[in-house]
Amino acid sequence: MKSMKPSRTAILIAGAGLILLANATVLGLVAWNRSGEPESVLRMTGREVEPPYDSGRYRENSGLRATLRWRTLGKDTAPVTGLSYFGVGGRPQWLDAAKLSALGFPARPGAGTVLPRDVLLVLEYDGPTCRLALQRARERAAREDAAYAASPGNQQAAQRAKLAREALAREESTASRLFVVDAGLDAAQLRSKYPDRGRYAIVRGEVRAQWVRSDNAEPAFVADVSRIHAERINVPHALRPDFAPGRGKQQEDWSSRQARRETVVAFGRRLEPWIVAVADR
Amino acid sequence: MNANSLSSRTEAQRRADDIRVFRDELRRLEQEGVLALSAAQHAALDEHHRRLLGQLARQFDIDRDMQDKQLSQGMRMMSLLGALALAASVFFLFYQFWGYFGETAQVAILTGAALASFLATMWIRAREASGYFTKLAAMVAFACFVLDIAMLGQIFNIAPSDKALLLWAIYALLLAYACDLRLLLVAAIVCMLVFVAARAGTWSGVYWIHFGERPENFFLPAAALFLVPHLIRHDRFPGFAAIYRIFGLLALFLPVLVLANWGQLSYLDIDRGKLQAAYQLAGFAGTAATAWLGVRRHWPEVADTGMTLFTVFLYTKFFDWWWDSMPKYLFFLLLGLCAILLLLVFRRLRAAGAPRSGGEIA
């Protein structure tokens with residue numbers, strides 16, 4: 001057994017060395033992430049890169065962080081409600097049993113809970129999934145309008161038609177056009193499947209799944225994309241004026257301005273993002 | 001032994017306390033007629049103690065009597081509260097103003113603050129015998145380093161990683177041993193435990209932040225923690241060995257308690273009821289064995305922790321059995337009666353143990 005009492009010089013060297021080494025390592029990783037050509041570059045608007053709102057919470061924190069608003073496209077069977085809004089998370093159609101197995105989820109139910117897995121996600125900006133979402137919204141609005149026209153006194157039909165029209169309006173003007181369209185464990189494999197680096201970005205995220213048992217059917221996995229690790233993006237100091245939160249009526253003008261504003265987000269070798277530029281469209 | 005052979009304030013304080021206790025016992029023995037020193041012996045003894053205590057006070061700023069001790073306790077509490085408040089202040093200060101600086105200035109401020117606070121801590125430590133201001137400075141230094149790494153992650157959008165915990169653990173350990181600070185040792189142990197558990201989780205493809213959802217990840221690091229005092233002597237760091245043992249036991253038995261109630265969190269793919277029963281049994285047996293070990297090896301912190309955890313397991317079981325099925329007054333009456341029964345059992349054990357030890361205090 002050893003007894004120990006470090007010398008003062010050793011402590012000084014160890015402490016200062018640790019601080020400098022830690023900082024050098026972190027900054028080195030940042031430099032490597034941003035070196036060379038970015039892995040992908042997406043030019044998005046305020047619909048996808050949401051600036052912070054001034055809720056008062058930020059008065060104690062002068063930093064600004066924009067949020068990536070992403071979503072997934074599920075099966076077109078969900079009822080139209082006021083809450084079927086854009087929002088983070090979602091149960092995509094492509095996240096089936098085969099995909100879950102490829103991501104490392106167990107093939108059969110066990111006794112324990114299934115933990116979320118760390119995976120690579122493919123973000124698609126303003127691509128086929130977005131157009132499909134818009135088409136579905138139009139078809140649904142038309143369907144609900146026709147149903148209401150067939151029974152004009154029906155309050156429920158009127159409500160569903162109203163919600164469907166609102167959902168279509170959101171889909172056309174404010175909903176995010178950034179969708180998670182695939183997941184995998186191999187970045188090179190995903191990139192070869194989605195080669196357009198101006199439309200597809202690969203990021204780190206998390207998929208969550210649980211076995212659901214019902215009385216008469218086989219147990220099935222219910223899965224969703226629960227998070228993207230790089231969802232919050234720090235706004236560089238030089239670009240702060242373009243992102244500063246608005247207030248009141250000023251906020252209304254600011255919001256529509258943000259919707260037109262193009263934010264260029266690059267993703268580096270470590271799949272970590274940074275805001276490159278902001279410009280009016 | 002003289003004052004120069006002592007290397008820390010804690011050792012010096014222990015010596016001063018021993019002198020005080022010795023003097024009190026000597027006075028009692030003389031009053032009871034058991035022992036009588038001559039006047040010359042008394043004078044030599046008093047002179048020796050007076051000189052030694054003076055040296056210790058000059059060198060280590062010790063408490064010479066009960067009044068000093070009580071004041072020191074208050075100062076220790078103030079030092080802890082002050083340290084926590086200053087650490088929080090560092091965080092909020094940076095959050096308030098960081099957005100107004102460019103990235104280069106932010107990095108310079110963060111790195112500079114971490115370095116400067118560390119050097120200041122070493123400077124204060126070299127000049128202050130009591131340790132109160134050293135504790136304050138060390139906590140601020142730790143806060144600055146945590147802030148440094150955390151904020152670099154935010155500024156450059158680095159995905160949160162468990163590796164930061166390793167850095168914080170190493171730094172806290174360094175400060176704990178450099179400044180003889182048990183609070184920072186606790187911080188280091190907690191960071192290290194979370195890091196190891198998180199790493200074990202990532203090996204199976206789980207995102208590290210879910211480390212708590214597989215409590216078995218804590219078992220191996222808990223055992224390692226408990227063994228640290230066996231591998232490395234801590235004579236010059238009073239209280240450190242006890243902290244390693246206490247946290248080793250907590251890191252072992254709290255996960256067992258969780259698994260005894262929520263077996264679905266286990267790695268083991270077996271019937272949940274059987275698994276929970278097995279962990280409950282392991283919890284009872286383990287904590288009882290821990291209490292026995294603590295008594296046997298004269299580790300009071302191990303005995304106390306074992307007995308406390310045993311009681312927690314017992315009360316948790318009572319809650320499962322009876323909370324819904326009996327009136328609350330009866331439930332708490334049963335708990336109280338159980339506590340009395342345990343007291344009687346321990347008193348019987350203590351009485352059975354007394355003749356063998358011959359009344360010696362080990």
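**Figure 1. The buried side chain of A:Glu48 in the predicted model.** A:Glu48 is buried, with a relative accessible area of 0%; buried means under 20% relative accessible area, exposed over 50%, and partly exposed in between (1.4 Å probe, protein chains only). The residue belongs to the loop between β2 (40-44) and β3 (49-50) of chain A. Helices (H or I, at least four residues) and strands (E, at least two) are DSSP runs, numbered from the N terminus. Leaving aside neighbours within four places in sequence, A:Glu48 is in contact with A:Thr67, A:Leu68, A:Arg69, A:Tyr125, A:Ala175, A:Ser176, A:Arg177 and A:Leu178, where contact means heavy atoms within 4.5 Å. A polar atom of the A:Glu48 side chain lies 2.9 Å from the backbone nitrogen of A:Arg177. This is a predicted model, in which local features need pLDDT of at least 70 and side-chain atom pairs count only at pLDDT 80 or more, while totals for chains, interfaces and linings use all residues. Residues are numbered from 1 along each chain as its sequence is written, chains are lettered from A and ligands numbered from 1 in the order in which they are written, and side-chain values use heavy atoms, with hydrogens and water left out.

**Figure 2. Chain A as a whole.** Chain A has 7 helices and 11 strands. Of its 281 residues, 45% are buried. Among contacts in chain A between residues at least 6 apart in sequence, 72% join residues at least 24 apart. The chain exposes about 14,400 Å², and carbon and sulfur atoms supply 53% of this area; accessible areas come from the Shrake-Rupley method with a 1.4 Å probe, and for residues only the protein chains shown count as cover.

**Figure 3. The interface between chain A and chain B.** Here 49 residues of chain A are in contact with 55 residues of chain B. The size of an interface is often given as the accessible area lost when the parts come together. Between chain A and chain B the buried area is about 4,800 Å², of which carbon and sulfur atoms give 61%; this is the accessible area (1.4 Å probe) that two parts lose on being put together, summed over both.

**Figure 4. The side of chain A that touches chain B.** The elements giving two or more residues to this side are β1 (2-3), α1 (8-33), β5 (117-125), β9 (232-234) and β11 (273-280) of chain A. The most comes from α1(A), with 14 residues.

Figure 5. Chain B has 12 helices and 1 strand, and 43% of its 362 residues count as buried. B:Asp180, in the loop between α6 (163-179) and α7 (182-202) of chain B, has phi near 60°, a positive value in a residue other than glycine. At 24% relative accessibility, B:Asp180 counts as partly exposed. B:His298 lies in the loop between α10 (272-296) and α11 (300-322) of chain B, and its phi is also near 60°. B:His298 is exposed, with a relative accessible area of 53%.

Key: Polar contact = N/O pair within 3.5 Å; in protein donor to acceptor, adjacent residues only side chain to side chain.
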